[in-house]
Amino acid sequence: MNSMNINHLHDHEIILEARHLRVAYAKVEALHGVSVSIRRGEIVTVIGPNGAGKTTLLGALMGLLPASGDFIYLGKPQTGEREVERLVRLGMTLVPEKRELFAEMSVEDNLLLGAFDRYRSGHRDHLETLDEVFELFPRLAERRAQVAGTLSGGERQMLAMGRALMAKPKLLMLDEPSLGLAPLIIKEIFRIIGELKKTGVAILLVEQNARAALQISDYGYVLETGEITLEGPSSELATDQRVIEAYLGLGHKH
Amino acid sequence: MDLQILLLLGQDGVTNGAIYALLALALVLVFAVTRVIFIPQGEFVAYGALTLASLQAGKLPGTVWLLLALGTTVAVIDGWRLLRDGQYGKLPPLLIFNVGLPLLAAGALTVVTPANWPLSLQVLLTMLLVIPMGPMIYRLAYQPLANASVLILLIVSVAVHVTMIGLGLLFFGAEGVRTPAFTEFSFELAGAPLQGQTILVVVASALLIIGLYFFFERTLYGKALRATAMNRTGARLMGIPPTLAGKLCLTLAAAIGVFSGILIAPITTIYYDSGFLIGLKGFVGAIIGGLASYPVAALGAILVGLLEAYSSFWASAYKEVIVFTLIIPVLLWRSLTTRHVEEEE
């Protein structure tokens, strides 16, 4: 009841806002004061070259890496230790670049484990959620008994995304979902990301495939050597001369 | 050597082997999920047997006080953290489990003596007294070092083992105990007497193994433990905390240990330090399975039991030597056939 009221009142409320985020590996700082915010029902993308700190940013947001800075989640500042498990309970979820599947388990078991935290906190709707995920990814339904380690690259990405959705997240973070996939599969994955947006989940998408990412997203950040160098609505970024030259590869065409 | 002796020794070997198999499974489980080589596994066998014997003799087992001490320490450490983080809702379960229940047990046992209770209740009470020490020990000894290397965790294990042995001597004294058999039933098989207790051990172990199988294959918590063993980062991202997995694991390991101790107390004399050797034989089985394969570990443990039984007949002075020497060819074979993978730190 309570959460329904909140949804109603703030249609475009900010799900997560991170300010002045800093992450250091040993003595080397990888992120120097990065600020991002993601709203409900919005796809936000972070583009940038290899090694700019995109994966580090997601790791820090998800609590996998120790980070300093202010985090405001669902309107409340996050205090104390930002443990991954606590953030999962709050509705944040990450599909990591390496997928991190349970390779020796079946597709179905991988998906069910995605609902572990909801199950643990007393929800018993995992079977309905499983049907919803199978509807979104019919391929996974066909292969539900197959061992995850034997799936193709595209299917593994679908499984990783489906597993994250089993947690019914408020914020879904995707790290390079197109990495290493064939163009047709990439198209399919992006179509599904677009469809997910309609469910109201906020999506933070980190991509090297800047063209596809800017096409699908509402807002974008350009991350270069640990700093946000440019940000704005995706449609504007897509026509920005610097972005075109550096990331869309059209600079030398004329 | 005739058929009768062969059967008798085989019976002995399978009985002990079944117990070693249970312990081997526990060791593989704990190692796979937490990377801890759980040397104190055997101490739970001894604690289980000795606590049951104390209860039956009408004495107050010292494990009650240990449980209370461990529980109070856990409650103080975790309670302080919960207060600091403002998570007041989690305080009552923490206090009830770690302090309330041990206090209740201690209070009740000073009033009533369960010496004349039915065996099933005595067994249940023993399990309630000893099993909770598993997760408590995880919390106090292993959790603060959960990300340390396998070697450091092994050193912690040795420390826990030595401490538990010392406390065992303090609580139960140096005398060995043997509890009365669960059943006097026996019959002859091909001229060799077959004891009811022997059958009970084998059947109960088999049932427990089947139960564990269903737990890991059919329940979400079991799958979560397997997931943690397979991919720790992936498991954390699903909201499976390593601490939950660790505590659950050590609860299972403690339960298996106590259960084994209760099962063999009527057929072997158990001293405060008997657990170590029993656990070590389970460990040989686990090594045969490469600390990774459950079925191979269980079969290896039964092999250990048989080898021990037959070598005690032919060369009883060397029986332990023969059993532990089994590790050498196994390690050689393992190191020649497995590709070495660097541990990720």
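The model is predicted: local features need pLDDT of at least 70, side-chain atom pairs count only at pLDDT 80 or more, and totals for chains, interfaces and linings use all residues. Residues are numbered from 1 along each chain as its sequence is written, while chains are lettered from A and ligands numbered from 1 in the order in which they are written. The model scores ipTM 0.91 and pTM 0.88. In the contact between the chains, 20 residues of chain A meet 16 residues of chain B.

**Confidence**

- pLDDT is the predictor's confidence in each residue, from 0 to 100.
- Chain A has a mean pLDDT of 90, with 93% of its residues at 70 or more.
- Chain B has a mean pLDDT of 90, with 97% of its residues at 70 or more.
- Residues 1-10 of chain A stay under 50 in pLDDT, and the model gives them zero contacts beyond four places in sequence. Two residues are in contact if their C-beta atoms, placed from the backbone, lie within 7 Å.
- Where pLDDT is low, predicted coordinates should not be read in detail.

**Strand S3 of chain A**

- Helices (H or I, at least four residues) and strands (E, at least two) are DSSP runs, numbered from the N terminus.
- Strand S3 (residues 43-47) of chain A is mostly covered, with five of its five residues buried. A residue is buried if 20 or more other C-beta atoms lie within 10 Å of its own, exposed if 12 or fewer, and partly exposed in between, with C-beta atoms placed from the backbone.
- Ile43(A), Thr45(A) and Ile47(A) point one way from S3(A); Val44(A) and Val46(A) point the other way.
- In a regular strand, side chains alternate between the two faces of the sheet.
- S3(A) runs parallel to strand S8 (residues 202-207) of chain A, joined by five bridges. Two strands pair if DSSP finds at least two bridges between them.
- Val44(A) stands opposite Leu204(A) in S8(A).
- S3(A) also runs parallel to strand S9 (residues 219-224) of chain A, joined by four bridges.
- Thr45(A) stands opposite Gly220(A) in S9(A).

**Antiparallel sheet of chain A**

- An open sheet of four antiparallel strands has the order S2-S1-S4-S5 in chain A.
- Strand S2 (28-39) and strand S5 (76-77) of chain A are at the edges with a single partner strand each, so one side of each has no neighbour in the sheet.
- Strand S4 (residues 68-73) of chain A is joined to S5(A) by two bridges, and the two run antiparallel.
- Lys76(A) in S5(A) is the bridge partner of Tyr73(A).
- Helix H2 (residues 54-61) of chain A lies across strand S1 (14-25) and S2 of chain A, at about 65° to S2(A). Axes are lines fitted to C-alpha atoms, for helices over the stretch in contact, and angles run from 0 to 180 degrees between N-to-C directions.

**Positive phi in chain A**

- Arg99(A) has a positive phi of about 70° although it is not a glycine. Arg99(A) sits in the loop between strand S6 (92-95) and helix H4 (107-114) of chain A. Arg99(A) is buried, with 22 other C-beta atoms within 10 Å.
- Lys168(A), also not a glycine, has a positive phi near 50°. Lys168(A) lies in the loop between helix H8 (153-165) and strand S7 (171-175) of chain A. Lys168(A) counts as partly exposed, with 19 C-beta neighbours inside 10 Å.
- Gly200(A) follows H9(A) and has a positive phi near 100°.

**Helices**

- Helix H9 (residues 183-198) of chain A has 16 residues and should span 22 Å at 1.5 Å a residue; its end C-alpha atoms are 24 Å apart, which agrees. The expected span is 1.5 Å times one less than the number of residues.
- Helix H8 (residues 196-218) of chain B has 23 residues and should span 33 Å; its end C-alpha atoms are 32 Å apart, which agrees.
- Gln197(B), Thr198(B), Val201(B) and Ser205(B) are buried in H8(B).
- The buried residues of H8(B) pack against helix H1 (3-34), strand S2 (192-195) and helix H11 (242-264) of chain B.

**Contact between the chains**

- 20 residues of chain A are in contact with 16 of chain B.
- Helix H3 (84-89), H4 and helix H5 (116-120) of chain A each supply at least two residues of the side that touches chain B.
- That side of chain A has twelve nonpolar, two polar and six charged residues. Ala, Val, Leu, Ile, Met, Phe, Trp, Tyr, Cys and Pro count as nonpolar, Asp, Glu, Lys and Arg as charged, and the others, Gly among them, as polar.
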